[in-house]
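Thanks for coming. I have one model to go through today, and I will keep to a few side chains.

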Amino acid sequence: MALIDEAAPKNTGDTVTGPTARPEPTPASPRAKAAFAGIVAGNFMVLLDATILNVALPDVKTHLHASAAALPWTVDAYTVVFAGLMLASGAIADRFGARKVYQSAVALFGLISLLCALAPNAAGLIAGRALLGAAAAGMVPASLALLAGLYPDAKERTKAIGAWAALSGIGLAVGPVLGGALVAAGGWRLVFVVNPPLALASWFLVRGLSSHRSEHRKKFDIPGLVLFTVALSALTYGLVDAGTEGWGRPAPLTALGLAVLAAVAVAFVERRAQTPVLPPELLRLGRVRNNLVTAVSANYIFYGLLYSLTLWLEQTRHLSAAMTGVAFLPMMVPMCFLPLLTSRLAHRFGARPMVMVAMVANIAVGALLSTVGAHTSLAVVILAQVLMALATTMTIPSITADMAVATPRALAATGQGALNAARQTGSALGVAILGTLSGMHAAGIAMAVGALVTLVLTGLTRRGA
């Protein structure tokens, strides 16, 4: 989307009315750089909130008297709603204009963050986190659609997405460290106060972007979207409840049964939908399907490790929130700069070999963590973190850039919405499964199994599909 006046007329295929278009800047122009910075700031905030609360969970439990069953939902409410609404928000951005959707979502994110900071109890915090997930879902597909318009050349777009992933990924990296410092300074509520200034800066920097929208208005597949969200929410609830309260109860079994029924209904409804959640022309592309599977696996492993390792460090090794944040530095610091390198490697060699090498590294991480006990040396955990940083930064920028190139321009936001929905589904499942297993030994095995399955599927996929 060119940096033109909001009211300027759009070329073929879009409807925007108004007088005169500004000259389109080059990607190196100051206005384009400012817009890029605004997009990075928004995604930085989204990723920051995915990790900043983890180290604050013991403080949340103490001050809000959260139960063992409720605690994972203070994290998972964000990712479940994020995943469930991602596809819808991609379609909305394609229909109403990526910039308008992005600015509305980023403003809501800043406001809801303040409400989270004022939550009176665990239920209020979970509700606030769910609303944050909805706002985040509106931001990510729209931001990537804006990037696709800002860098129309495929090569430049791949480089820009690599830089976007590296810079905004710093939010993911500093989350545990910043969260630990804020908890030590004044408690868990401070972790939400950092968002409003970031939201304001992001809103301001992207205000000059155009808000083109397609003139072909499609109906939303509301039944498909609702069933998809129900299936994911029920699955996550069932796994979390069973892991914390035990399997011999009707609640988790009922939830898992509902998840299966909703998943079957999704498949049935989508075949007959006039405008399905995932357009068939996307799912027919082998690269798109491969990227979606990899996205689920990568986030399942990363966020499952982050959650379970946080609990191990604080509950088994009895580290403070601040020291737990410091303990994650071996994983988080490399993630600040590695995407700049790995995105270039992905451009040269393709996403498929990068994913396969990353999954081998993830299997090694799972094998290492399966040996971790109460008295295991932290050197083993540090080695696992370094390998995890390498694997994650090889995977996410690779599949994000590959999806941007593989997806037709008209479905740019929808394709990125699908990719990020897959990622957030993996995040929710990682917290639900790995975070509720008994000890790091079981979590390590579950992680290695997930990586092995992805490695086999990627290897069986025809090269260049």
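I'll start with one alanine. Leaving aside residues up to four places away in sequence, alanine 346 touches Ala351, Met354 and Ser398. Keep in mind that this is a predicted model. Alanine 346 belongs to helix H14, which covers residues 334–349. Is alanine 346 buried or exposed? Its relative accessible area is 11%, and the cut-off for buried is under 20%, so alanine 346 counts as buried. Alanine 401 is 55 residues away from alanine 346 along the chain, and their C-alpha atoms are 8.4 Å apart.

Next, the aromatics. How many aromatic pairs does the structure hold? There are three. One of them joins tyrosine 78 and phenylalanine 82, with ring centres 5.8 Å apart and planes at 65°. Planes over 60 degrees apart count as edge-to-face, so this pair of tyrosine 78 and phenylalanine 82 is edge-to-face. Both residues sit in helix H3, residues 71–96, and because they are four residues apart there, about one helical turn separates tyrosine 78 from phenylalanine 82. Tyrosine 78 and phenylalanine 82 are both buried.

Another aromatic pair is tryptophan 188 with phenylalanine 192. The centre-to-centre distance is 6.3 Å and the planes are at 90°, again edge-to-face. Tryptophan 188 and phenylalanine 192 are both buried as well.

Last, a charge over a ring. Which residue lies over the face of phenylalanine 204? That is arginine 207, at 3.9 Å from the ring centre.

That's what I have.

Terms used:
Residues are numbered from 1 along each chain as its sequence is written. This is a predicted model: local features need pLDDT of at least 70, side-chain atom pairs count only at pLDDT 80 or more; totals for chains, interfaces and linings use all residues. Side-chain values use heavy atoms; hydrogens and water are left out. Helices (H or I, at least four residues) and strands (E, at least two) are DSSP runs, numbered from the N terminus. Buried means under 20% relative accessible area, exposed over 50%, partly exposed in between (1.4 Å probe, protein chains only). Contact means heavy atoms within 4.5 Å. Rings of Phe, Tyr and Trp (its six-membered ring) pair if their centres lie within 6.5 Å; planes under 30 degrees apart count as stacked, over 60 as edge-to-face and the rest as tilted. A charge sits over a ring if NZ of Lys or CZ of Arg is within 6 Å of the ring centre and within 35 degrees of the ring normal.
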